[in-house]
Amino acid sequence: MNTLKLLSAFLKVNIQMSLAYRADTIVNILLNLMWLGWELLSLGIIFNNTDTIGGWDFGELIGLLGVFRLVHTLMIALIWPNTEKFNQSIRDGSMDYTLLQPINSMFLVTFSRITVWRAWDLILAAILIVVGLNMSGDTTTAVDILTFILLTISGAIVIYSLWIVLIALTFWFTKFDNNVTILQALLDAGRYPVTVYPVWLRILVTFVIPIAVATTVPLQGLRGDLTPIRVLMFVGIGVVSFLIASQVWKRGLKQYSGASS
Amino acid sequence: MLKIFQRLWQVNWAEQWQYRANLIMYLLYWLVSPIIYLAVWTSIAQSKGSVSGLTANDFTTYYMTLLIVDQITSNIVIHTFAYKVQDGSLSGELVRPIHPMLTNALVNNIAFKILTIMGFVPIWTVLYFLFKPEFSSVTVTGILLAIPAMLLGFLVGFLLSAAITSLAFWTTRVYSIHEFYYALSLLFSGQFVPLTLMPKLIQDIAQFLPFQLLLYFPIQLILGKLSSAQITQGYVIGIIWLIVAITVFNWVWRNGVKRYSAVGA
C-alpha cells in the first residue's frame, strides 16, 4: 500500500516536470510518430520482397513490433532516466540520502524518474499487437492471451532484473557509467524474431542479454509455439532472475562507501 | 597553419584517448543494426534463393562493406559541438584566430575516427569469419575509385551536420532536428537495405540527395556494381552537394555567430 502511494507521488512529480516542458513533449511525440512510420515502412519493404521471415508473416511482425515497443518504452521511460540519476548520485555522493529513506532502496532508485508522456507509447503498442494479430489471422484462444500476458510480464521482469544487476555493478566499479549501453545496443535485435538470426547472435540475445525473452518469446506464446513446460520455464526464469538481482543489489549496497567520505 | 593542426591533433587525440573504454560501447552500439539487417536479409535470400536478383552473399558483402564505409564517412559533430553553444564554452574558442568548426571540431572527429577504427578492425575480422562473405567482385580499380568518393561523402556529411549543429545558435531543440535528419538518412542512404530494393519513388529521390554519398555510392563502387555512367553521375552529384554544403554551412555559421551571446555574459 505504501509502495502504491509512493508510486503515485512519483508519477505526480514527474507529470509536473514534463508539463514544464510542453513544447518539448509535443516535439518528442511527433518524432516518436515519425519513427513508428519508419518502422512500418521498413517492415513493408521487407514484406514487399518476401511472405515470411523466420516463419513469421507480416501481421505477426507488426505484433512483434508492438511487443518490442513495450520493452523499448520500459527502456526509455524508466531505465534511461533513472540510470542517469543513479550514476550521478554515485559520483556526487547523493546516494547517501537515498539510502537514508525508510523504504526499499532498489525501488526508490528504479522508479523515481518516469518519462510520463511515454505512456501513450503503451497504447500504441497495444494497438499494434491487436491489429497485427488480426492481420495474420491466427486463431487465438483465451489461454493463448493469458500466456502472452504472463510471458510479457516475466520478460519485462527479466530485463528489469538485468538492469538492476548492471547498475549494481557500479557499486564495485565506480567508473562504470556506461552500465546500460549494452542493453540499449542489443535492444534493436528485439525487432525481428530470433529465429532469423545466426546461432551465435541467437544465443547472445536469448541467454547473455536476454532481449528475446521479452520480445520473441511472448509472441511465440501467443502463437501457441510453446509447450506448457516451456511457458513455466520462462516464467520461472523471470522469478529467479528477480531474486538474483535483489541479492546482487544487497551485496552491492554493502560495497557502497559514499563519494565524500 | 600546419603547426596549428599538429597541436590540435595532439590535444584532441589525448582527449579521445581518455574515453577509450566508452569507445568499445560506442562501437557495439553502432555495429548492432547493420548486423541485424544483414541477418534478416540473408535469411530471406537463403529461403527464396534470391531477392530481386540479390543472393545471400550479395547482402553479406553489402553490409560488411557498409560497416567499413560508415566508419569512414560518418561524424559525431552534433555530440561534440552543440553543447558548447548551449553552455557557453564556445566563447573561448571563438576568440582564437582559427575556425572552431573547421579546425578543432574537424580534427576532433578525425581523432575519434582513427581511434574507433583501431577497435573496429579486430571486430570486423571476427565478423568476417562468422559470416564468411565472398568479395569476388571487388577490384583494385573499384577501391581506388571509392577512396575519393568516401572522402567526398565524409566532407559533405560533416558540413551538413555542422550546419545543423550550428542551428544551436537559434534553438535548444537542435537534437530533435538532428534526429529528423538522421531518419531521412536511414531512408535514403542505403543503411537499411541496398537502395535497389527500396520503392521506385524513394530510389528516384535518393539518387539526387546527399545521403547516398555517405554509404550507398561508395559501397557500390567498392563492390564494382556501377556502370561508368553511374559513377560519373555519382561524382557530379557529390561535387554539387559539396558546393551546396559549403555554402549552406558558411551562411548558417556566419549568421549564427552573430546571434551568439554567451551564457553568463
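In what order do the elements of chain B run from the N terminus on? In this predicted model, the elements of chain B follow one another as α-α-α-α-α-α-α-α-α-α-α-α, and the count for the chain is accordingly given as 12 helices and 0 strands.

The overall dimensions of chain B were examined next. The C-alpha trace spans about 65 × 40 × 35 Å along its principal axes. The radius of gyration of chain B is 20 Å, which agrees with the value near 18 Å that a compact globule of 265 residues would have. Of these 265 residues, 36% count as buried.

One pair of helices was considered in detail. Helix H2 of chain B, comprising residues 20-48, packs with helix H3 of chain B, comprising residues 56-73, at an angle of about 170°, and the axes of the two helices are 8 Å apart. Because angles over 145 degrees count as roughly antiparallel, H2(B) and H3(B) are described as roughly antiparallel to each other. On the side of H2(B), the contact is made by B:Leu31, B:Pro34, B:Tyr37, B:Leu38, B:Trp41, B:Thr42, B:Ala45 and B:Gln46, while H3(B) contributes B:Ala56, B:Phe59, B:Thr60, B:Tyr63, B:Leu66 and B:Leu67.

Conventions. Residues are numbered from 1 along each chain as its sequence is written. Chains are lettered from A and ligands numbered from 1 in the order in which they are written. This is a predicted model: local features need pLDDT of at least 70, side-chain atom pairs count only at pLDDT 80 or more; totals for chains, interfaces and linings use all residues. Helices (H or I, at least four residues) and strands (E, at least two) are DSSP runs, numbered from the N terminus. The radius of gyration is taken over C-alpha atoms; the globule rule is 2.2 Å times the number of residues to the power 0.38. A residue is buried if 20 or more other C-beta atoms lie within 10 Å of its own, exposed if 12 or fewer, and partly exposed in between; C-beta atoms are placed from the backbone. Axes are lines fitted to C-alpha atoms, for helices over the stretch in contact, and angles run from 0 to 180 degrees between N-to-C directions. Angles under 35 degrees count as roughly parallel, over 145 as roughly antiparallel, 65 to 115 as roughly perpendicular and the rest as oblique. Two residues are in contact if their C-beta atoms, placed from the backbone, lie within 7 Å.
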